Amino acid sequence: MSSSGDHQRLIIIGSGPAGLTAAIYAARAELAPLCIEGIESGGQLMQTTEIENFPGFPQGLMGPELMINFREQAERFGTSFVTDDVSEVDLAATPKVVKVGDRTWTADAVIVSTGATARMIGLESEAKLLGHGVSTCATCDGYFFRDKELIVVGGGDSAMEEATFLTKFASKVTIVHRRDEYRASKIMLDRARANDKVEFIEWAGVTEVLDDGTGAVTGVTLTDTRTGEERRLDCQGVFVAIGHDPNTKLFRGVLDTDENGYIRTQAPSTRTNLDGVFACGDVQDHEYRQAITAAGSGCAAALDAERYLASIGDLPDPSIDADRDEADHVTGSKPAVAVRVS
């Protein structure tokens, strides 16, 4: 718990790459943020095995390891954590009100970084093999499936985009869809159909993900949605592309959201429709959904919050234009040296 009582200058709700990056920046700005990280802390990367595309780790690392590093870094600079879920908020109030069970905090500013949850088929075998051949992100995991036969489940633009992307690595990609009509736009559907590596199986649903005792995907059971007939299809990976749900239920009717529930921000900033409330990461980004883009927006949210707190007189005006002369340099016995490139 925070040592400064129940009132905080800044509360961060959520603890994925966006929330923890915001916590790192806010803590280094001496805002002493309180991060309410949730029962399932760390975001979607806690369910990810190896990550090879996060800058700075040339050998790759495990998702949970990366998020533990994020958290330890935030804690090192003075972030306090509550490992529980927020139960109620009043973000229109002054100060803001955030409740966790029977505990109540107030804050001058709040950063919302509750992320989004990938929709799953809902199979026990699917959950068991998540990260071991089952994935919800082709951009994140496609590289690991070179020369493999893969299945993409879905019929929207996301499924067509994932399947087309995966053909860069896979020997064959089969799109499995429950109907013969698609929600995908014509251009995306035509692009997938024109790819020699993409095949379509219609009127079928994945009803079991198989591992044959290997601990990795070896195939799926397909069930005909009209007749109920079952058959096996061998594959080495299953990509579920049936959409994401932003974790915004707590904020509906308070923060402006788009038709899909994602929080609207005033680009290029992370400001929402309420003064002193900022949103970052997958809770407001339905386009990229990458750890690095989430982290970047978390940085932006912390800077926006710092500026806001300065504007209401809570902080001295930060030297934004000076690029935080010392904040981004490694401290040590030697002074930082500026090099001009002409």
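**Tour of the cysteines and the nonpolar cores**

Select Cys-137 and Cys-140: a disulfide joins them, with an S to S distance of 2.2 Å. The model is a predicted one. This is the one disulfide that the structure holds. Look along the S-S bond of Cys-137 and Cys-140: the angle about it is 70 degrees, and the link is right-handed. Next, colour by accessibility. Cys-137 counts as buried, at 15% relative accessibility, while Cys-140, at 28%, counts as partly exposed.

Now go to Cys-280, which is in no disulfide. Its nearest cysteine sulfur belongs to Cys-299 and lies 10.0 Å away, too far for a bond. Cys-280 is buried, with a relative accessible area of 0%; Cys-299 is buried too, with 18%.

From here, turn to the nonpolar cores. The largest has 30 residues. To find those with the most contacts inside it, select Leu-10, Ile-12, Leu-66, Ile-111 and Phe-278. Then show strand 1 (7–13), helix 1 (17–28), helix 2 (63–76), strand 8 (103–112) and helix 7 (291–311), each of which supplies at least two residues of this core. Helix 7 gives the most, with seven residues.

Stay with Leu-66 and display its surroundings. Its neighbours within four places in sequence aside, Leu-66 is in contact with Leu-45, Ile-51, Phe-54, Phe-57 and Leu-61.

The last stop is a second, separate core, which has 21 residues. Select Ile-11, Phe-251, Ile-263 and Val-283, which are among them. As background, nonpolar side chains in soluble globular proteins tend to be buried together.

Notes
Residues are numbered from 1 along each chain as its sequence is written. This is a predicted model: local features need pLDDT of at least 70, side-chain atom pairs count only at pLDDT 80 or more; totals for chains, interfaces and linings use all residues. Side-chain values use heavy atoms; hydrogens and water are left out. A disulfide is a pair of cysteine sulfur atoms within 2.5 Å. Buried means under 20% relative accessible area, exposed over 50%, partly exposed in between (1.4 Å probe, protein chains only). A nonpolar core is a set of buried Ala, Val, Leu, Ile, Met, Phe, Trp, Tyr and Cys residues joined through side-chain atoms within 4.5 Å. Helices (H or I, at least four residues) and strands (E, at least two) are DSSP runs, numbered from the N terminus. Contact means heavy atoms within 4.5 Å.
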